[in-house]
Amino acid sequence: MVRCGNAVMPWAQAREEARRLGARSGAGSGGRAVPLADALGGVLAEELTALVGVPPYDAAAMDGYAVAGPGPEWAVAGRVLAGGSAPVARLHPGQAVEIATGAQVPEGADAVLPYEHAAACAGGAGRVRGEIAAGRHVRRAGEDTFAGDTVVAAGTAVTPALIGLAASLGHDTLPVRRPRVAALVTGDEIAVAGRPGGGRVRDAIGPMLPGIVRSAGAEPAGDPRFLPDALDPMSAALRTARGDGTDVVVVCGASSKGPADHLRAALAGVGAEVVVDGVACRPGHPQLLARLGGPGERGTVVVGLPGNPNAALAAAATLLLPVLRAMAGGPDTDRALPSSMRLTGAVHPHGHDTRLVAVRVSGGQAEPVGHDRPGSLRGAAQADAYAVVPPGWSGPHAALLWLPR
Ligand SMILES: Nc1nc2c(c(=O)[nH]1)N[C@H]1C(S)=C(S)[C@@H](COP(=O)(O)OP(=O)(O)OC[C@H]3O[C@@H](n4cnc5c(N)ncnc54)[C@H](O)[C@@H]3O)O[C@H]1N2
Ligand code: MOO
């Protein structure tokens, strides 16, 4: 049963509903162990612990001599390079080995004397002299991280640095949450390649969805499927998605109320819970958020995007991204990016809808780029963000909704 009327929801509330539904649907979904090379962009499903310490052994931090005892002179017993073994298992006071940065320091060593502070001894070859402070230039095992330490919290985005860290802690795989997102592109007028003609239009939404999906740490479940403007194929596709455990289905171009827009009827037919039916924003008015699945099930989230491409992008930023981020367990915003900025140029609020204005950010200001009508991606393609301009806004600062990059 469809449980929501046609009340168009305020923009901020719709985003909050999307977050809530994503968190509800993602909770308990666990993670999948993926090889480090494939983990980039996912969100850690569990905390990351150290399987080995960092450094894993007492290591030289400089090229020079590992020395035992206070000196100022030592007898050099040989040489050890990184990855090699020392010529003596243990240094006794007065002994040294020549050592390379990263090599394991023999037991008994008190410090490393860098080459540039070492002098040859007048007393003969095989001896070295200099001044040391105990512990200097030795990186002790576990001085950064002990084996068993918890190092990174669950919910952290997997970045190149985190992958490098995981490798240094002894991991070959990472448990990541990465919702799988199927795309259904509808419309009898849609052409999928080349120059459209004869009342047809190139699909502009299917090609931008994988990037949008990946930007939120999720992954596309294959290529978009193209559906004709008919109820039965839509209903069948929704049932299939629910049946095969797809996390999110994005339906493009069937969200309005025309004779060819079947999403609402299909949702009603499959017993969906409709959470958002229309959002008070421009562009992106006719968007939908729904859930397929019973109370005890994790369910499949359905996001309906309008067919106009810039409206689809605005709707994806409004509903799809918060759903995916919450589902993966990550934050909704990138903390490195400013959340609001002074808006330049003449921007006028709408009477009752929130306007999403394509802006370029430079010099700490956001400037509208134009060409951001619902049917055109020309502005968004040159923009960094949408400025969020609610009804009654008087400026000059506006919240920013950063576009996927
Ligand atoms: N009586 C009403 N009509 C419309 C309303 C409304 O509130 N009442 N809203 C308008 C708005 S706003 C939008 S946006 C569209 C959304 O409609 P749909 O989601 O059903 O999309 P379509 O009608 O199929 O297409 C709209 C437009 O976009 C083109 N399109 C569709 N899919 C794609 C695609 N994948 N790539 C590029 N372009 C696409 C399509 O050819 C149409 O020109 O409804 C308005 N009508
Ligand atoms: O979603 Mo429509 O933009 O408002 O053309």
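So, which strands does the chain join by five bridges, β15 to what, and do they run parallel or antiparallel? Strand β15, residues 180–186, is joined to β20 by five bridges, and the two run parallel. Before I go on, this is a predicted model: local features need pLDDT of at least 70, side-chain atom pairs count only at pLDDT 80 or more, and totals for chains, interfaces and linings use all residues. Residues are numbered from 1 along each chain as its sequence is written, and chains are lettered from A and ligands numbered from 1 in the order in which they are written.

A word on terms. Strands here are DSSP runs of E with at least two residues, helices are runs of H or I with at least four, and both are numbered from the N terminus. Two strands pair if DSSP finds at least two bridges between them.

Okay, back to β20, residues 248–252. Five of its five residues are buried, and buried means 20 or more other C-beta atoms within 10 Å of the residue's own, with 12 or fewer for exposed, partly exposed in between, and C-beta atoms placed from the backbone. In a regular strand the side chains alternate between the two faces of the sheet. Here Val 248, Val 250 and Cys 252 point one way, while Val 249 and Val 251 point the other way. On one side, Val 181 stands opposite Val 248. β20 also has five bridges to β24, residues 300–305, again running parallel, and there Val 251 has Gly 304 as its bridge partner.

Now the domains. The assignment, which is automatic or from a database, gives domain 1 as 9–29 + 179–328, domain 2 as 38–54 + 147–177, domain 3 as 59–139 and domain 4 as 340–402. The centres of domain 1 and domain 3, over C-alpha atoms, are 65 Å apart. From UniProt, an unreviewed entry annotates residues 182–326 as "domain: MoaB/Mog"; such annotations may be inferred rather than shown by experiment. That stretch is 31% helix and 27% strand, and its end C-alpha atoms are 17 Å apart.

On to the ligands. What comes nearest to ligand 1? Of the 24 residues around ligand 1, it's Gly 253, Ser 256, Pro 306, Gly 307 and Ala 311; a residue is near if its C-beta atom, placed from the backbone, lies within 6 Å. That shell divides into twelve nonpolar, eight polar and four charged residues. For the classes, Ala, Val, Leu, Ile, Met, Phe, Trp, Tyr, Cys and Pro are nonpolar, Asp, Glu, Lys and Arg are charged, and the others, Gly among them, are polar. The residues around ligand 2 include Arg 282, His 285, Pro 306, Ala 311 and Pro 374, and its shell has five nonpolar, three polar and one charged.

Another sheet worth a look is the open one with six strands, in the order β9-β6-β8-β7-β11-β10, with mixed pairing. β9 and β10 stand at the edges with a single partner strand each, so one side of each is left without a neighbour in the sheet. Inside that order, β7 and β11 pair antiparallel over three bridges, and Ala 75 stands opposite Arg 127.

His 137 has a positive phi, near 60°, and is buried, with 22 other C-beta atoms within 10 Å. His 371 also has a positive phi, about 50°, but counts as partly exposed, with 15 C-beta neighbours inside 10 Å.
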